Amino acid sequence: MKKLLILIASLSYAFTYTTTCIGITQTACTTAAGYCFWTGTACQLAECHKVTDVRACRSSTPAGFLKSSTKCTEITSNDPNFLNQCMEHDQTTMMYAYVRFPQDITQLYSSKTTSGYLVTTIMTAKYTSQYKYEILTVNILTASTTELLNIMNAYVQMQYDLVDPEIHPQYLEKAIYESMQAIRDDVTLTLTGTTNKRQDYYTVLWRMTDAYFLKLRSYQPFYISNKYLINFGFSHFNRFSVTLSSQFQSTKVYWTSYNDNGYLELLVIPAEQFGILNSFSDVIIIRPSNLDGSDATLSYTIQWSWTFTGTQPSGSSNIYTFDKIEMNAFTSLGTASCNTSSKICSKAFTNQSTTKAYVIGDSAVASQTNTGRYYTRCRLGRFNWNGSTNTCNP
């Protein structure tokens, strides 16, 4: 009996973090130390940023399976603000595109408010002012796929109530970046399917950012906030510039004149969060707006600088626009005028009157392919992940 227990213990230890998850039973999969994931029909390896057993990502003897199979590697300097323990195998530091915020334990439910009001009631209510504080108590990070979309729609439905000066912009920021985390981490959402379409969630997400900028109009004429997954900038035209710093880069938008009073709305977001690879810059979303919130016309310049190592922009690197709902249709707007000595790129745009999403990169950014993508990078792009074979398919 003693030998049998030793054998069982040794087998359990061997499975703990050194062997593949593919082909094992549901019970073994769900009880395995945090690097396996049960899809509902099969067991497969977890995504790097979701791994909770760091041993699976270590190279120490014996090496963890995710490390030895060149999938993930350990984050050696953990940030206590996030849950991340592992990262993609080719990364040397935790990238902000993959940060995982912990749940807010003061928010108890994902389908109703702390006082018991259903989210489905709020999202369709004709008069919503009574719920303006209630919606802030809903837990986004525990929401199901359907609940998440309901919560996001409820925030949009209540956008005029949330302008209340007693509600700080940080509450809306939290709702936005938690929604982005939930969208990113929901493995049932795709850009290529006919159901559970990620496009539906992106559509409401950008309406939430519109609601956020609506609030800032009554808050103050200049405001910036950095939240890792998304960075916010807001400036009255009379300030003539707004600058946002993010991971290893900085984005400045400036203008020299304007016709009527208005605001420049700026979002800077890690591109890989949307499955966009080979981009040097973050996603840069710019909208000039009038005082009443309608589109304004403005000529502005994007000045982008970088401090990262590795592959660098060159004088031939281009700036692209793309569809921020479909995450495709990359169109070159010409060279980004990158100076490799000063590490600054600069591009001027004349009479812009609609929301534009930009990235700076070489030609590879316009031809997103499935080559070399592990689980997260695969499914966030316009591709299909096969967990049984650990391959990314077109």
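**Exercise 1.** Find how strand β9 and strand β10 pair, and name the bridge partner of Glu265.

Solution. Strand β9 covers residues 262-269, strand β10 covers residues 283-290, and the two pair in the antiparallel sense over eight bridges. Strands here are DSSP runs of E with at least two residues, helices are runs of H or I with at least four, and both are numbered from the N terminus. Two strands count as paired if DSSP finds at least two bridges between them. The partner of Glu265 is Arg287 in β10.

The model is predicted: local features need pLDDT of at least 70, side-chain atom pairs count only at pLDDT 80 or more, and totals for chains, interfaces and linings use all residues. Residues are numbered from 1 along each chain as its sequence is written, and side-chain values use heavy atoms, with hydrogens and water left out.

**Exercise 2.** Identify the residues that touch the most other members of the largest nonpolar core.

Solution. A nonpolar core is a set of buried Ala, Val, Leu, Ile, Met, Phe, Trp, Tyr and Cys residues joined through side-chain atoms within 4.5 Å. Buried means under 20% relative accessible area, exposed over 50%, and partly exposed in between (1.4 Å probe, protein chains only). The largest core has 61 residues, and those touching the most other members are Ile135, Tyr155, Trp206, Ile269, Phe274, Ile276 and Val283. Helix α7 gives the most to this core, with nine residues. Apart from it lies another core of 25 residues, among them Val242 and Leu264.

**Exercise 3.** Describe the disulfide of Cys57 and Cys86.

Solution. A disulfide is a pair of cysteine sulfur atoms within 2.5 Å. The structure holds six. In the link of Cys57 to Cys86, the S to S distance is 2.0 Å. The torsion about the S-S bond is about 105°, so this disulfide is right-handed. The pair links distant parts of the chain, 29 residues apart: Cys57 in the loop between β2 and α3 (65-68), Cys86 in strand β4 (residues 86-88). Cys57 is buried at 1% relative accessibility, and Cys86 is buried at 1%.
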